[in-house]
Every structure is written in structure tokens, then in C-alpha cells.
Amino acid sequence: MLRGRLAGLVPTNTSLVVFGSLGRNEVTQGSDVDWTLLLDGPADPQHLDVALQIERRLEEMGRKEPGREGTFGGLAVSHDIIHKIGGGDDTNRNLTQRILLLLESACIGDAVAYQSVINNVVTRYVYEDVAAGAGDTPYKVPRFLQNDIARYWRTVAVDFAYKRRLRAAQGWALRTAKLRMSRKLTYVAGLLSTFSVATDFADDSQQRRDVGGYRVIKHLRDRFRETPLGIIAGTILQYSPSLDDPARRLFRAYDGFLAILDDEDDRKELEKLSPQDSEHSAVYAHVHQLGDEFQKALTTIFFDSDTPIQALTRRYGVF
Amino acid sequence: MRSFGFSTGAVALADFERAIDLLSTTAATAIELSALRFGELPALMAAIPTLDLVKYKYVSVHAPGAFSAAEEPQVVELLQAAADREWNIVLHPDTVHDHAVWAPFGSLLCIENMDRRKPIGRTAAELSRIFERLPDASLCFDFAHARQCDTSLTEAFWILEEFATKVAQVHISELDGHSRHVRLSPGGVAACRSFAEWIPQDVPLIIEAPVEPHEIEEEIARTLDALTPRLAVAAA
């Protein structure tokens, strides 16, 4: 429906990108539409008009507006996303847009600008991770990217505390559930994607055929085209049957979480619930239990499995 | 050594005879006869028997960049004169109305990857859909178009990887902010250098950047230098 109503508005050198539950392909009843008009080319005053038109169309369709932090909605410029990785100008908004562009976004309509920005961001992470003149190669876990994904996850966790103070109890329980499930899922997908460079390029013959590191860039780009659940499922299948049991527990817990979000009454209860009342809420108790099961499954996958993931977690996951 | 040269359109717009004259004393060993407007094609094709093209190891014809469905059979009929000489016919995929009328050209039909303004033929995935309908067609890899679509050149890499056996000709130039072909800037030269390993060495190079007559040799030398593989880019 969004494609039919919005794709025709998007001019050359731009892409309409959606994030969040739409980007993860996990839309539930109460999902909002986190979107941005991504510019990758010469500036044109028409771009703002298009962004405003998109906003109006979404309002006409009765879609919930993007979150109040102002991360989404309006315009995003590729120059900031590509060039400002790290440093004082890399704001929370820029970091969030960049990492979510990789890990939980989808494009509505023409995807050429969208793919170009993703390819350029990945190119920076891969190329700048290689120590020039030191015989280094890109066929390893790209630490630059992995650190930025970890930074994003920690930022989300820190901002959780910030929002709790700023907004008092409003939305606390829902934010908690999302932090423990969907936000964590995105981090997991990012971590596994970076690990996959080391495991999938372990063969020397693949490396010899890769002048310029384009195969690594394409490998990551193709991973990021998947949803977070898709990335995790792909990894689990790669190591089947070693991870079959924790995978079942992980997906069952996540499925339960999505069912709660998709239930209007449950979602409303979580939206209104305060920390003080949480111990009397069966919905909160359920979602909290699902979060625990989800974490236990992840602990098995990352720390207790006989796959390369365990060794990679030890080597890259903390220090 | 690979063949290299110019598009006549880049040297003298629609005046192909003047372009051939200007290129006759240069080092060019390849030429693309350009009829970018439908109205230019009949005169170009009629003139073929009279053109002095002996010095060229490689000759191709660039089909018009737009024509109606009603004009399409006439375009195909006119281009048959090029096919009869075994010359490649470079075609923008978005101009096609009926794929069936182009299929008989087989591998002489050289589909060009497109710039961002076009709705199809820009990426490896989009080109795949065209080659599904024209399975015998070859590829004219346009570096400027690929770089405009993705400045990281990841998509360019994938186009050449995916269609390695189809690449029959390469277009070299750069695009300005209005998608017009221009001479390689220092950034364009650097991009060519970083990507030179992936440009097939045995495929003719055609420069599409508009030049003044006195700039022809310089642009050939600059382009060839930019596309000389240096094997120093492994692992970035």
C-alpha cells in the first residue's frame, strides 16, 4: 500500500527509505512509519516539497508519525551518512540513521540511491579497517564496522535511561520490551554480519580473486539486504544442527513478543504501564519472560556453541 | 593491445564525417559511429559505404537514444547495414518497445548499462531482466553510468562479474551534475585507476567525453593511462 501511494513521488537521486518494524518486515497493528527521503546527489529545492508531500500522504493514510526524537521523517543527506562516521559531527541522529540504514531498512520504490549510499558506507568501513602497508586484508571481522554497530547498541541502551528520565513513566514498559527484543535483535544481526566476513572468506582462493575488496563489500551489502531475522536464520542454517535448539527458543520467544505487539489491548497496556505498576501486569510479566528466554538462547549461540561464533565472540565481542 | 578510440558524437556531435576526419590522424584504433537522434540514423547508415574506416580494428554503431514504437521497425531495418558488417550495435535498453525485433541481431546487439535517470538497466539485477529477454545480446559497459549509480563502484564490479562473458565494448567518460558526459576529472581518473583491474583488457574502449579537436590525443592518453592495471589495489 505504501509503495502504491508514495513510490511515484520520489525523484532521481533520492530514495524513500523506511526503518524500524517496516524495515525489519515485522509490522504489527500499532507500528508507526519511520521514514526518510534519502538524498544522494545534487541539492534541489524540490526535495523538501517531496518530503512534505510524503508526510501529508502518510497523514491521509492515518499512519502513526515517526518517533519524537526527530531521527526520522523529512530529509537525510548521503554526505553526512557517508562522511561523518565518528568524530564530533557524528550525532546520535546520524549514527542511528547510518546503522539502521544497514541493519533494518527497506526502500519503497527506486532503490538506486539507497543502494549507492549503503555501498559507500560499507566501503568506508571495509577499506578503512585495513591497516595500510601492514600486509593487512579485509578478510576478517571488520572492526571499524563492528565497533560502530556496538556503539549504536550501547547508545540505544544509554538513551533508554535518558528517555526514562525525560518522559517519566510514559511508554516505559513498551520501550523496555523493545530494548530487550527488537533492538537487541538488530544488534545481534549486525554482530553476526561482521563475523560472517571472517568465516565466509576463510578460503584463500576467494581472497585471491578479490582485487580491491569488492567481494567483501558486496558480501556485507547482500547480508544487509536481509531482515535481522533473516540474517540470524541464515547464520543458524549455516551451522545447523549445532544451533537448532537455541534457534527454536530464540524464534519462539521473538514470535511471542511480536504477538504481544500485534494485540491492541496488550500493546496499549504496555504503552501506559508505569514501573511501579509493572509487577501487577500479566502482559509485562509475559514479555519480560520472553526477553529472558531470548537472552538465554543468545547466550547459548554466542558463548556455549561449538561453532566459530563462540571464538569470534571471545575475540571481538568485548575488547 | 586493446582497441581504443572515440564516439563520433563526442568529437563532432551529429557530424560523423567531420569526426572521422578529425580522428584519422590520431592514435585511435576503434570508433563508435553515433546517431543519438532518430533523424540522424538514415544519413549515417546511408553513408557507411563511403566512410574511410580502414584504420579501425573495431567499429560499432550507437543506436538512437529515443524512438517511438512506430519508428522502431525502421530503426532496426536501418541498423541491419551495421550488422551485415559484423559491427556491434549499442542500444539503450529503455528505448526498446518490442524485444522480439532486436533479438535477431544476436550478440551484435550491445546493451548499455544506464544512468540514474533511466528506470531500467542500471544495476546488475536490472540488466539481468533485460538479458532474460535478449539472452544472446552482449554488454556495453558504461563506466560513467555505473559510477553515477554507485560511486563506490560495487555495482560496477558486480555488473562486470555477473556479465563477464558478455562485455563487448566499454564506454569511458564522467557525468556532470546534469548527467551529461564530460572529460575525466581528477576524481574520475582516480576512480578508473582503482577499478582498472576489473575492466576487461581485450575489450575495445570508446571515449564518450566531448572534446575539442586539439584535446583528442590528450584524452586518449589520459584514459589509457587511467585504465592501466597497476595491481596495487589488492585488499584496498
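Trainee: In S4(A), which residue is the bridge partner of A:Val18?

Mentor: Strands of a sheet pair through backbone hydrogen bonds, either parallel or antiparallel. In this predicted model, A:Val18 has A:Ala106 of S4(A) as its bridge partner, and three bridges in total join strand S1 (residues 14-18) of chain A to S4(A), the two strands running antiparallel.

Trainee: In what order do the four strands of the open sheet in chain A stand?

Mentor: The order is S3-S2-S1-S4 in chain A, and the pairing is mixed. Strand S3 (75-77) and strand S4 (106-108) of chain A are the edge strands, each of which pairs on one side only. With direction ignored, neighbouring strands of this sheet are turned by 40 degrees against each other on average.

Trainee: Which helices pack on the sheet, and which strands do they touch?

Mentor: Helix H3 (residues 46-60) of chain A packs on the sheet, where it touches S1, strand S2 (35-39) and S3 of chain A, and its direction makes about 160 degrees with that of S2(A). Helix H6 (residues 112-127) of chain A also packs on the sheet, touching S1, S2 and S4 of chain A, with a direction that makes about 75 degrees with that of S1(A).

Trainee: Turning to the two chains, how many residues does the contact take from each?

Mentor: The contact takes 21 residues from chain A and 19 residues from chain B. On the side of chain B that touches chain A, the largest share, four residues, comes from helix H8 (residues 154-162) of chain B, while the residues of that side divide into seven nonpolar, six polar and six charged.

How values were computed:
Residues are numbered from 1 along each chain as its sequence is written. Chains are lettered from A and ligands numbered from 1 in the order in which they are written. This is a predicted model: local features need pLDDT of at least 70, side-chain atom pairs count only at pLDDT 80 or more; totals for chains, interfaces and linings use all residues. Two residues are in contact if their C-beta atoms, placed from the backbone, lie within 7 Å. Ala, Val, Leu, Ile, Met, Phe, Trp, Tyr, Cys and Pro count as nonpolar, Asp, Glu, Lys and Arg as charged, and the others, Gly among them, as polar. Two strands pair if DSSP finds at least two bridges between them. Axes are lines fitted to C-alpha atoms, for helices over the stretch in contact, and angles run from 0 to 180 degrees between N-to-C directions.
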